[in-house]
Amino acid sequence: MGTQDVYEGVTAAIVSAIEAGAGSWVMPWRQSLPVNAITRKPYRGGNTCVLWFAAADKGFDSEEWATYRQWASVDAQVRKGERGTACLFFSPAGTKTVAVSDDDESETRTVGRRAVAKVFWVFNAAQVDGYEAKAPQSAQLSESERVASAERFFSGVGAKVTTSAAGRACYSRVVDEIQLPDFSSFRSGQDYYATSAHEHAHWTGHESRLNREYGKRFGDNAYAMEELTAELSSAFTCAHLGLNTVARPDHAAYLASWLRCLRADGRALWSVASKAQAATDFLVAAASPGLEVAA
């Protein structure tokens, strides 16, 4: 399977799931990030989406994944007949020196080089024998501990946030301010901070921060793609904090636009997931200065 097959296969699966949901489909986000069972590093960006979708589709409870060889390295055996899930590894983008002309005395210049994607296959802990799956660290925390952790996290980010009983959840790029309903307006603390995570994701796109743009590639659907970026970033941030995500009331309004973009461009999800990962990385770095964000 080539990289294009992975792009298109994952996109096709998502499109089918949305269509089958007939407008009521809810993203299968999880309360913790998928991690490599051996290195303990979390998967990132598009691979996070891939593994969350695969776990939901196959009914896996574990968030632990690894390649066939990695499982073998800890004397675990992938069961016969189990099928792996394809993910993508992107080699770091770099630079190369090229000749400006073919003359012997030609000048050279340094140009950017795009990252190269390669396919690798992973298996969930539920697909192997000889390994005792580990629960996510966040699973050991009570809901009150998760809420307290989320409060510290978003306070550390330092965005300007106002709340009001009659307010609605939104981010204004003009005044660079997040507005949220009062805490008491939400069913739980987790719901409040999940909504806050969505609006904070929008906040990262301001020109003074990530200056997020979508260009001609998404055209009139740029606004919907920003909403999908915020949706994904919120899911990544909530999983980082061990929080449940909430279905946004305006979610269904964007499904048609998301479908249109996904059908037209098999790589759209990966592009948006990359921007969403960058947004979450920005928030994590702002909330915890000095903490190294996984590459």
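Q: In this predicted model, which residue is the bridge partner of V35 in β2?
A: In this model, which is a predicted one, V35 has E64 as its bridge partner in β2.

Q: What sheet do they belong to, and in what order do its strands come?
A: They belong to an open sheet of four strands with mixed pairing, in the order β1-β2-β7-β4. Because β1 (35–36) and β4 (85–90) stand at the edges with a single partner strand each, one side of each is left without a neighbour in the sheet.

Q: Switching to rings, how many aromatic pairs are there?
A: The count comes to 15 aromatic pairs. One of them joins W29 and W52, a tilted pair with 5.5 Å from centre to centre and 45° between the planes. It links distant parts of the chain, since W29 lies in the loop between α1 (3–20) and β1 while W52 lies in helix α2 (residues 45–58), 23 residues apart.

Q: Are W29 and W52 buried or exposed?
A: Both W29 and W52 are buried.

Q: Why is the pair of W71 and Y131 edge-to-face?
A: The ring centres of W71 and Y131 are 4.9 Å apart and their planes stand at 65°, so the pair is edge-to-face. W71 is buried, with a relative accessible area of 0%, and Y131 is buried as well, with 18%.

Q: What sits over the ring of W203?
A: The charged end of R209 sits there, 3.9 Å from the centre of the W203 ring.

Methods. Residues are numbered from 1 along each chain as its sequence is written. This is a predicted model: local features need pLDDT of at least 70, side-chain atom pairs count only at pLDDT 80 or more; totals for chains, interfaces and linings use all residues. Side-chain values use heavy atoms; hydrogens and water are left out. Two strands pair if DSSP finds at least two bridges between them. Helices (H or I, at least four residues) and strands (E, at least two) are DSSP runs, numbered from the N terminus. Rings of Phe, Tyr and Trp (its six-membered ring) pair if their centres lie within 6.5 Å; planes under 30 degrees apart count as stacked, over 60 as edge-to-face and the rest as tilted. Buried means under 20% relative accessible area, exposed over 50%, partly exposed in between (1.4 Å probe, protein chains only). A charge sits over a ring if NZ of Lys or CZ of Arg is within 6 Å of the ring centre and within 35 degrees of the ring normal.
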